[in-house]
Amino acid sequence: MPAPPLRRRMACWLYEGVLMFGVVVAAGLVFSIAAQMRHALEHRHAMQAFLFLVCGIYFCWFWSKGQTLAMKTWRIGITDRQGLPLTQARAAWRYLLCWLWFLPPLALSAPFHLPAAEVGVLTLGWIAVWALLSRFQPEGQFWHDVLAGTRLTDARAPETPASPAPAANADAA
């Protein structure tokens, strides 16, 4: 079964980012209140670790159920290579591998002390390259899905052919 079109997967990816904004804001508020933060940079690394964990729980939970909220909207499903639902362990492995969308440009920006605008351009460029690399994968899957042993599937309901209208009974007249 081929992967959903790249355009639809990337639209889902962007919508997922919008939804994650709400999750991150809510989790950040909970952390800030619990840690009694008075300054945004106070406990910064602990908050980053907490948000990493919260995002991981969100994705692992929904992926093991077959779809995140954004994937439901764009009718994209996720399974393992055999078409079975993901286990929590496989979902966690995929979550870690999904960071390949962001880590390479962030790792390159640290030693060069790049300004935020350049990091943003570098990150967007890498995301475009990473997405386009799926064109070189025989099944059209993202490479982190190949490494994780997962696959994105088209979850649209199969189209059923329209049934022909019943023929008029010629004997009724």
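Trainee: How much space lies in the largest pocket?

Mentor: The model is predicted, so local features need pLDDT of at least 70 and side-chain atom pairs count only at pLDDT 80 or more, whereas totals for chains, interfaces and linings use all residues. Residues are numbered from 1 along each chain as its sequence is written, and side-chain values use heavy atoms, with hydrogens and water left out. A pocket is an open set of points on a 1 Å grid over the protein atoms alone, where a 1.4 Å probe fits, with protein on both sides within 12 Å along at least five of seven lines. With volume taken as the space filled by probe spheres set on the points, the largest pocket holds about 810 Å³.

Trainee: Which element gives the largest share of the lining of the largest pocket?

Mentor: Lining residues have an atom within 4 Å of a point; there are 27 here, and W13, E16, M20, F59 and F102 lie nearest the centre of the pocket. Two or more lining residues come from each of α1 (6–34), α2 (44–65) and α4 (88–98), where helices are DSSP runs (H or I, at least four residues) numbered from the N terminus. The largest share, nine residues, is given by α1.

Trainee: How does the lining divide into nonpolar, polar and charged residues?

Mentor: Ala, Val, Leu, Ile, Met, Phe, Trp, Tyr, Cys and Pro count as nonpolar, Asp, Glu, Lys and Arg as charged, and the others, Gly among them, as polar. On that basis the division is 20 nonpolar, four polar and three charged.

Trainee: Are α1 and α2 parallel or oblique to each other?

Mentor: Their axes, which are lines fitted to C-alpha atoms over the stretch in contact, with angles from 0 to 180 degrees between N-to-C directions, come within 10 Å and cross at roughly 130°. Angles under 35 degrees count as roughly parallel, over 145 as roughly antiparallel, 65 to 115 as roughly perpendicular and the rest as oblique. The arrangement of α1 to α2 is therefore oblique.

Trainee: What is the angle between α2 and α4?

Mentor: The axes of α2 and α4 lie 9 Å apart. These helices pack at an angle of about 130°.

Trainee: Which residues of α6 make the contact with α1?

Mentor: The axes of α1 and α6 (residues 116–132) come within 11 Å and cross at roughly 140°. Contact means heavy atoms within 4.5 Å, and by class this one has six nonpolar, no polar and no charged residues. From α1 come L6, M10 and W13, and from α6 come I127, A131 and L132.
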